[in-house]
Amino acid sequence: MKKSALQVARAAYQPKLPKALQGPVVAVEGAATQSVGNQEEIKAMFPNTYGMPVITFEAGEQKALEPFNVGIILSGGQAPGGHNVISGLYDGVKSLNKNCKLYGFLMGPGGLVDHKYVEFTDEFIDEYRNTGGFDIIGSGRTKLEKESQFESGIEILRKLGIKALVIIGGDDSNTNACVLAEYYAAKNYGVQVIGCPKTIDGDLKNEQIETSFGFDTACKTYSELRHSLQDLQRTDWQHPARLQ
């Protein structure tokens, strides 16, 4: 299918990056973290992952790295920006070593459990750059809570040589990430589980995260709709038929 001029221009757009991420970076560990409330209760629930340090990224020197593979899951409701999170991660791992691979699990966490996935390529990713939604691999709301699910997940992660799994989603999805990370840490499975906050509700934020991706677009869209409805109501009320 021939692309329009707008589609071509949109695909060529380069999202702005923080200065620290515009080149090689080094991860710097900071102070230990803690939950906002119920610290002892949550620590007891997550003894292997609670209190991990804050990580900041600073400019560093380029280092040669061995190839590694990463998995990614879109979870929960759709939000603008999902495709660019994936394309950004793809560009990042390829910049570290061109032989790194990024796999996407289809239709949410269920893809991990059911071993349904795709391997991203340049051609695949380029079709979705700077486009909205979660269409690239689909999303789902499968709850990760059973040991059989965790073990099924590690089977496919080992088969694909995946060392890190990124789960993009809201509060429930990041709970999935926490539970999975705790289980794999307790078993010493050697897989990092990373939660990426996504919500149009604006209910995932702290000192490090001013707002999750998707929220800004949602606010602007809803504001435009509200404004349009107000204009429509005013226009309809002033219609001659209404004034008789």
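A: In H6, the residues that count as buried are Gln-149, Phe-150, Ser-152, Gly-153, Ile-154, Ile-156, Leu-157 and Leu-160; buried means under 20% relative accessible area, exposed means over 50%, and partly exposed lies in between, computed with a 1.4 Å probe on protein chains only. Helices (H or I, at least four residues) and strands (E, at least two) are DSSP runs numbered from the N terminus. The model is predicted, so local features need pLDDT of at least 70 and side-chain atom pairs count only at pLDDT 80 or more, while totals for chains, interfaces and linings use all residues. Residues are numbered from 1 along each chain as its sequence is written, and side-chain values use heavy atoms, with hydrogens and water left out.

Q: How do you know that the end-to-end length of H6 agrees with its number of residues?
A: The expected span of a helix is 1.5 Å times one less than its number of residues. For the 14 residues of H6 this gives 20 Å, and the end C-alpha atoms are 20 Å apart, so the two agree. H6 is followed by Gly-161, whose phi is positive, near 70 degrees.

Q: What do the buried residues of H6 pack against?
A: They pack against S3, S4, H4, strand S5 (117-119), S6 and H7, where contact means heavy atoms within 4.5 Å.

Q: Why is Ser-152 called buried?
A: Ser-152, found in helix H6, has a relative accessible area of 15%, and therefore counts as buried. Leaving aside its neighbours within four places in sequence, Ser-152 is in contact with Leu-112, Val-113 and His-115.

Q: Why is Val-179 called partly exposed?
A: Val-179, in helix H7, has a relative accessibility of 27%, and so belongs to the partly exposed class. Residues up to four places away in sequence not being counted, Val-179 touches Phe-46, Leu-144 and Phe-150.

Q: What makes a set of residues the largest nonpolar core, and which of them have the most contacts inside it?
A: A nonpolar core is a set of buried Ala, Val, Leu, Ile, Met, Phe, Trp, Tyr and Cys residues joined through side-chain atoms within 4.5 Å. The largest has 22 residues, and those with the most contacts inside it are Phe-105, Leu-112, Leu-157, Leu-165, Leu-180 and Tyr-184. At least two residues of this core come from each of S4, helix H4 (109-114), helix H6 (147-160), S6 and helix H7 (171-186). Apart from it lies another core, of 19 residues, which includes Ile-86, Phe-134, Ile-136 and Val-166. In soluble globular proteins, nonpolar side chains tend to be buried together.

Q: How do you know that the buried residues of H3 line one face of the helix?
A: The buried residues of H3 are Gly-82, His-83, Ile-86, Ser-87, Tyr-90 and Val-93. Seen down the axis of H3, these residues fall within an arc of 130 degrees, so they line one face; the arc is that of the directions from the helix axis to the C-beta atoms. What covers them includes strand S3 (69-74), strand S4 (101-105), helix H5 (122-126) and strand S6 (162-169).

Q: Why is S3 described as largely enclosed?
A: Six of the six residues of S3 are buried, so the strand is largely enclosed by the rest of the structure. Asn-69, Gly-71 and Ile-73 point one way from S3, whereas Val-70, Ile-72 and Leu-74 point the other way, and all are buried.

Q: What makes S3 and S4 a pair, and in which sense do they run?
A: Two strands pair if DSSP finds at least two bridges between them; S3 and S4 have five bridges and pair in the parallel sense. Val-70 stands opposite Leu-102 in S4.

Q: Which backbone oxygen lies 2.6 Å from the side chain of Ser-139?
A: The side chain of Ser-139 reaches the backbone oxygen of Gly-76 at 2.6 Å, and that of Leu-74 at 3.3 Å. A polar contact is a pair of N or O atoms within 3.5 Å; within protein, one must be able to donate a hydrogen and the other to accept it, and residues adjacent in sequence count only if both atoms are side-chain atoms. Ser-139 lies in the loop between H5 and H6 and, with a relative accessible area of 17%, is buried.
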